[in-house]
Amino acid sequence: MLYLASKSPRRRELLARLGIDPRLLDIDIPEVRQPGEHAFDYVRRVSREKAGAGLLEVAGVPDARVLAADTEVVLDDEVFGKPVDADDAVRMLTRLSGRTHQVISVVWLLSAAREAQAISVSEVTFAALTPAQLDGYIACGEWQGKAGAYAIQGRAEAFVTRLDGSYSGVMGLPVHETAKLLAEFGIDIFAGATA
């Protein structure tokens, strides 16, 4: 049985593209970067903590496997989490405007017997954003609950001049890397598939 330790509808949607319909776990892990913690280590730790907390919740379920992920936007070693309000979103998007940032996505899959991780690092370049674009994007509300204050699968895709990496990884779950991870745990997305 596969469980997804995430509240993200995007992660569930991306797993559905693979033909996977996991049971959902409502995991609440504090996402606080430790002093001196490298951005990559932070993303890796949070993802692992989510998976570990999920596995504890289903410890009595035979053959339980728990998938968890964390995705963060990083610029100049600053981790851009979810904005607290519209002003914070404007601050983030203004910093990203006209620059290239990283999107780090780390996926962990745990069972009682083993654990493994997959990593996706993408480089995303934004055009220089005009005040009208910023105002319009803030008004549409897509920034809410999104790392870096944007959703690449929405209107913010118009900001992206270049993507080097995984589009699904920027969305929150790198599909290629996740499929490989699932296969390592005996979950073959093509087993029994018909055209």
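Me: Where is the place of Glu-37?

Reply: Happy to start there. Helices (H or I, at least four residues) and strands (E, at least two) are DSSP runs, numbered from the N terminus. Glu-37 sits in the loop between strand E2 (23-25) and helix H2 (39-57). This is a predicted model, where local features need pLDDT of at least 70, side-chain atom pairs count only at pLDDT 80 or more, and totals for chains, interfaces and linings use all residues. Residues are numbered from 1 along each chain as its sequence is written, and side-chain values use heavy atoms, with hydrogens and water left out.

Me: Is Glu-37 buried or exposed?

Reply: Buried means under 20% relative accessible area, exposed over 50%, and partly exposed in between (1.4 Å probe, protein chains only). Glu-37 has 13%, so it is buried.

Me: Which side chain does Glu-37 join in a polar contact?

Reply: A polar contact is a pair of N or O atoms within 3.5 Å; within protein, one must be able to donate a hydrogen and the other to accept it, and residues adjacent in sequence count only if both atoms are side-chain atoms. The side chain of Glu-37 pairs with that of Arg-45 at 2.7 Å. A polar atom of the Glu-37 side chain also lies 2.9 Å from the backbone nitrogen of Gln-34.

Me: What is Thr-178 in contact with, leaving aside neighbours within four places in sequence?

Reply: Contact means heavy atoms within 4.5 Å. On that basis, Thr-178 meets Leu-15, Leu-67, Val-107 and Leu-173. Thr-178 belongs to helix H6 (residues 175-184) and, at 1% relative accessibility, counts as buried.
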